[in-house]
Amino acid sequence: TEIAKEICHWGDEIVPPEDPVKLPDNIYTYKQGATMALEKTVLNEKIVWDLLSRHYSILPISAKKLKLGTANCFQVYDGYKYYFLKEFQSSFSENAVVQEAKLLEYLSVAGVPTTRFYKTLNNEFVINYQNHIICLEEYIEGQAYDYDDLPLELLPQVGKMLGRLHQVLKDYPLPIDMSDKSAVALISAFVIFSCFSLVLPSPPW
């Protein structure tokens, strides 16, 4: 197939491309904000293809780097669906990211609209590549904002989602090594992220 041919071609690439494979014109991407990754990525298209094919049995044909957040984030496409690949800074521990994944899974099962981590073929939430923790998540359709440009009209929905999270998480068992401060910071980020997926219109495709 044409997709298979593209995969083979991509897998033979040795150096990071300056211009990734162009995605369809109607693809809805996150708003490109001012926030930049704190560390240079250790990934390129060949490495992404190798990691996803080996650990997830996913054969991507493109990987587009997103100017989103302080981690290195990529929109990955395999010809059928889109994925969100996140490469954390080297300072992040595997345990911290796994706890995030478990909390997201708990929220999702409880009906809170948030992303979920894809597990590897070995049933792990993350993979470790050159001392960087990497995870693959569902690609959420919606608009991302920086912390300083949240529209005021969204505040009521953010407050509503905060109340819902308090209710859902009241009996959630926090890990022994997670402080209350860390938990509050993590949950606060989910409030904004989850709220966007509720109130913003879906992309037209």
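Reply: Helix α3 (residues 94-109) and helix α4 (residues 155-169) pack at about 100°, so α3 and α4 are roughly perpendicular to each other. Please keep in mind that this is a predicted model, in which local features need pLDDT of at least 70, side-chain atom pairs count only at pLDDT 80 or more, and totals for chains, interfaces and linings use all residues. Residues are numbered from 1 along each chain as its sequence is written, and side-chain values use heavy atoms, with hydrogens and water left out.

Me: How do you know where the axes of α3 and α4 run, and how far apart are they?
Reply: Axes are lines fitted to C-alpha atoms, for helices over the stretch in contact, and the angles run from 0 to 180 degrees between N-to-C directions. On that basis, the axes of α3 and α4 are 11 Å apart.

Me: Which residues make the contact between α3 and α4?
Reply: Contact means heavy atoms within 4.5 Å. From α3 come Leu 103, Tyr 106 and Leu 107, and they meet Leu 165, Val 168 and Leu 169 of α4. By class, this contact has 6 nonpolar, no polar and no charged residues. Here Ala, Val, Leu, Ile, Met, Phe, Trp, Tyr, Cys and Pro count as nonpolar, Asp, Glu, Lys and Arg as charged, and the others, Gly among them, as polar.

Me: What makes a stretch a helix or a strand, and how many of each are in the protein?
Reply: Both are DSSP runs numbered from the N terminus: helices are H or I with at least four residues, strands are E with at least two. The protein has 5 helices and 5 strands, and along the sequence they follow the pattern α-α-β-β-β-α-β-β-α-α.

Me: In what order do the strands form the sheet?
Reply: The 5 strands form an open sheet in the order β1-β2-β3-β5-β4, with antiparallel pairing. β1 (62-66) and β4 (127-129) stand at the edges with a single partner strand each, so one side of each has no neighbour in the sheet. Neighbouring strands are turned by 30° against each other on average, direction ignored. Helix α2 (residues 45-56) lies across β1, β2 (72-77), β3 (82-87), β4 and β5, and runs at about 150° to β4.

Me: How do you know that β4 and β5 are paired, and over how many bridges?
Reply: Two strands pair if DSSP finds at least two bridges between them. β4 and β5 (residues 132-138) have 3 bridges, in the antiparallel sense. Among the partners, Ile 127 goes with Ile 134 in β5, and Asn 128 with Ile 133. The hairpin of β4 and β5 has 2 residues between the strands, and Gln 130 takes a positive phi near 50° there.

Me: How many bridges join β1 to β2, and β3 to β5?
Reply: β1 and β2 run antiparallel and are joined by 5 bridges, with Ser 62 opposite Tyr 77 in β2. β3 and β5 run antiparallel too, also with 5 bridges, and there Lys 86 stands opposite Cys 135 in β5.

Me: What makes Arg 54 and Asp 50 a salt bridge?
Reply: The term asks for a side-chain nitrogen of Lys or Arg within 4 Å of a carboxyl oxygen of Asp or Glu. The closest N and O atoms of Arg 54 and Asp 50 are 2.8 Å apart, and the pair qualifies. Both residues lie in helix α2, 4 residues apart, about one turn of the helix. The whole structure holds 3 salt bridges, including Glu 105 with Arg 116 at 3.4 Å, N to O.

Me: Why is Arg 54 called partly exposed?
Reply: Buried means under 20% relative accessible area, exposed over 50%, and partly exposed in between (1.4 Å probe, protein chains only). Arg 54 has 48%, so the label is partly exposed. Asp 50, at 30%, counts as partly exposed as well. Elsewhere, β5 is mostly covered, with 6 of its 7 residues buried.

Definitions and conventions: Parallel < 35°, antiparallel > 145°, perpendicular 65-115°, else oblique.
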